[in-house]
Amino acid sequence: MTTTPKRDSYDVVVIGAGPAGLAAATTAAEAGLSTLLLDENAGPGGQVWRAIASTPVVERDRLGADYWAGAELVQALRASGAEIIQQATVWSLDRHLEIAISAGGVSAFVKARRVILATGALERPFAIPGWTLPGVMTAGAAQTMLKSSALVPDARTVIAGQGPLLWLLAAQILRLGGRVDRILDTTERRNYLAALPHAFAFLTSPYFAKGLALMREVKAKVPVISRVTELAAAGEGQIASVSYAAGNRRETIAADLLLLHQGVVPNVNLAMAAGIDHRWDERQLCWSPVLDQDGNSSIDGIAIAGDGAGIAGAGAAVCRGRIAARAAVEALAPMAAAKLTAMATLRTALAQSERGRAFLDTLFRPAPQFRIPSGDTVVCRCEEVTAKDILDAVAIGATGPNQLKAYRRTGMGPCQGRLCGLTVTELMAQARGKSPQEIGYYRLRAPVKPITLAELASVPKTEADIKSVARQ
């Protein structure tokens with residue numbers, strides 16, 4: 001497996017090998033541009049198609065047709081001539097389109113004429129009492145184990161939260177013989193009414209039939225408690241029980257595993273560290289990059305595709321990857337662009353893929369109490385900072401996430417804010433009576449992923465590299 005770039009510079013560098021990254025790298029390479037695809041996982045596919053080339057789950061009906069659709073894109077990528085480096089940590093990207101990579105314990109810099117970020121999504125933080133206990137995981141982590149190793153829970157398992165992934169994961173666990181004892185659905189009653197104006201688009205989208213079939217499949221086998229408004233995990237050293245409230249019903253149930261999920265949000269750390277402009281998206285309750293219709297960002301030469309540009313699902317991610325790559329080809333090799341699918345066709349496909357998204361965003365808008373914790377609930381896991389700690393810091397003058405670092409070190413641990421950033425922004429906004437846009441986000445810098453001193457020291461000591469490191 002290649003761990004070092006074969007060249008010092010490329011026409012196009014794509015970061016991330018999920019649906020958008022696969023489509024973008026394939027399109028650029030097939031157009032004849034020198035293309036490098038960098039991905040931190042052991043194989044291509046991202047989270048949606050994780051382990052698509054190596055999964056031990058070979059019965060296709062277990063993971064579903066949408067999962068296996070990724071195999072064709074992986075084959076196209078491998079035939080395209082793009083250079084691929086897996087298990088590569090991209091720890092820096094600057095406005096000069098210089099990229100720092102660590103792979104195989106060694107770091108290197110490469111230069112690009114165009115960069116396409118396809119860094120995908122993260123699960124939204126779900127800070128409830130007890131969420132840091134061993135035995136409490138995200139649904140995405142459980143799905144990673146399922147896809148890559150065919151591991152499913154066989155002890156008392158509760159899945160809590162909302163969103164399409166919750167139902168898909170439950171179905172996949174059951175198909176593989178795993179155990180799900182209870183589903184605690186946190187979707188708010190008022191969301192159904194709010195989503196009604198978007199219902200027609202949803203009913204005529206691919207989401208409707210698939211979602212309905214999944215919910216029917218799961219509800220036939222698992223008790224589902226709807227409209228859960230309170231949720232907590234408890235145990236000594238590991239989870240032992242889950243408590244919830246739903247209407248007048250309050251119950252504590254024994255549990256060995258709690259899987260949490262309340263949607264996904266764009267993974268913006270690398271884009272923000274590069275200096276790309278972002279805005280608070282009130283519909284999806286997250287930070288999203290400011291982009292034009294081709295995915296181009298506020299920094300010339302850097303485009304963003306896939307869920308990193310705003311959550312829209314795998315089909316839209318593929319379309320966005322192709323649009324961003326075609327725009328790069330048009331800029332670098334206009335004659336080659338004539339051989340690619342027309343931009344108008346790609347935009348039509350994107351619109352079709354995004355159909356029904358507004359309904360899902362509205363229906364599965366997370367409830368405030370599950371986004372903005374209180375009391376002794378831990379917000380920053382890395383530094384063990386509670387909601388009360390943050391509110392105390394606000395009371396004595398902390399105005400935003402960056403000043404909060406000086407008070408409580410939030411966002412300064414190994415995850416660099418990925419697990420607490422949105423919670424901190426919304427918690428401080430509520431406390432100060434301001435909008436999340438006014439409060440802002442952590443100021444992110446390279447390295448955006450932890451690297452060792454040995455990896456840093458391995459960077460070739462050319463004059464250009466020294467200047468690049470100095471700019472970080």
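View 1. Strands β4 and β5 (residues 98-103) are joined by four bridges and pair in the antiparallel sense. The model shown here and in the views below is a predicted one. Across this pair, Thr 89 has Ser 102 of β5 as its bridge partner. Four residues lie between the two strands of the hairpin, in which Leu 97 adopts a positive phi near 65°. Strand β4 (residues 89-93) is largely enclosed by the rest of the structure, because four of its five residues are buried.

**View 2. The open five-stranded sheet.** Five strands form an open sheet with parallel pairing, in the order β8-β15-β9-β10-β11. As background, the strands of a sheet pair through backbone hydrogen bonds, in either a parallel or an antiparallel manner. Within this sheet, β9 (residues 157-162) and β10 (residues 182-185) pair in the parallel sense, with four bridges between them. Here Ile 159 stands opposite Ile 183 of β10.

View 3. Helix α5 (residues 139-149) lies across β8 and β15 (257-262), and runs at about 80° to β8. Gln 47 belongs to the loop between β2 (35-38) and α2 (60-63). Apart from neighbours within four places in sequence, the contacts of Gln 47 are Gly 140, Gln 143, Thr 144 and Lys 147. Although Gln 47 and Gln 143 are 96 residues apart along the chain, their C-alpha atoms are separated by 8.6 Å. With a relative accessible area of 29%, Gln 47 is partly exposed.

View 4. Thr 423 is located in helix α18, which spans residues 421-432. The relative accessible area of Thr 423 is 3%, under the 20% limit, and this residue is therefore classed as buried. When neighbours within four places in sequence are left aside, Thr 423 is in contact with Pro 125, Arg 371, Pro 373 and Val 379.

View 5. Leu 203, Phe 208 and Leu 212 make a nonpolar surface patch of about 230 Å². Of these residues, Phe 208 is found in helix α9 (residues 206-219). Phe 208 is partly exposed, and its relative accessible area is 31%.

Note on methods. Residues numbered from 1 in each chain as written. Predicted model: local features only at pLDDT ≥ 70, side-chain atom pairs only at ≥ 80, totals over all residues. Heavy atoms only, no water. Buried < 20%, exposed > 50% of the residue type's maximum accessible area, 1.4 Å probe, protein only. Contact = heavy atoms within 4.5 Å. Pairing = 2+ DSSP bridges. Axes fitted to C-alpha atoms, helices over the stretch in contact; angles between N-to-C directions. Patch = residues over 30% accessible without salt bridge, like charges linked within 9 Å, V, L, I, M, F, W, Y side chains within 5 Å. Areas by Shrake-Rupley, 256 points an atom, 1.4 Å probe, with all protein chains shown as cover. Salt bridge = Lys/Arg side-chain N within 4 Å of Asp/Glu carboxyl O.
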